[in-house]
Amino acid sequence: MALRHAVLAALLDGEYSGYQLAKAFDVGVANFWHALPQQLYAELARLEKEGLVAGRQVVQESRPNKRLFHVTDAGRAELEKFAEAAAKPSFIRDDLLVKVQAADRIGTGPVIGQLEERALAAEAKIELLGKLLRQLRGDADEEEYLRRGERIGPYLTCLRGLSFEQEHRDWCLRIAAVLRERQATRADH
């Protein structure tokens, strides 16, 4: 997947400025695609040049003018073409896993600390994603929303993000406990 498809998908919900798009990425899209704000601005410019998004200038009196972007018909066609293409398998690429791989040969103290930090960060994301899910579904319970919700895609990707963060938190805590126990056992011998 290219950043272009993530941007096009995010813009399906309406017009966004580059700043608003960056905020949307931070909250929702970050579950499956990470991008820095400057990458988003550059991608918006490319997409506009290719005719996949259109921008319009909004004059503001008390603040600088801003540009709002929306997906064009050509952009929707690009997303449909992307959706039809076979998805590539996902993979994990994480420097913390390299540290865990080597932990029994290099010492576990710093690795345990980093695992615990990751668990705390995952817990914060779990809370954020839970709030977002409640906001998306409003008064409906989850099963009702899944059956009849108007815009289900962001909700489903948020569910995946929640599941990932919960599993990641649990794994980090378990591995930190295993390494701590092994460290204590070695100290006793």
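View 1. Arginine 169, at 19% relative accessibility, counts as buried, a word used for under 20% relative accessible area, with exposed meaning over 50% and partly exposed the range in between (1.4 Å probe, protein chains only). Aspartate 170, at 42%, counts as partly exposed. The two side chains meet in a salt bridge, 2.9 Å from N to O, where a salt bridge is a side-chain nitrogen of Lys or Arg within 4 Å of a carboxyl oxygen of Asp or Glu. This is a predicted model, in which local features need pLDDT of at least 70 and side-chain atom pairs count only at pLDDT 80 or more, whereas totals for chains, interfaces and linings use all residues. Residues are numbered from 1 along each chain as its sequence is written, and side-chain values use heavy atoms, with hydrogens and water left out.

**View 2. Arginine 4 and glutamate 78.** A salt bridge of 3.9 Å, N to O, joins the side chains of arginine 4 and glutamate 78. Because arginine 4 lies in helix H1 (residues 3-10) and glutamate 78 in helix H4 (residues 73-84), the pair ties together parts that are 74 residues apart in sequence; helices (H or I, at least four residues) are DSSP runs, numbered from the N terminus. Both arginine 4 and glutamate 78 are buried.

**View 3. Arginine 151 and aspartate 13.** In the salt bridge between arginine 151 and aspartate 13, the closest N and O atoms are 2.5 Å apart. Arginine 151 is partly exposed, with a relative accessible area of 33%, and aspartate 13 is also partly exposed, with a relative accessible area of 42%.

Terms used. Helix = DSSP H or I, 4+ residues; strand = E, 2+ residues; numbered from the N terminus.
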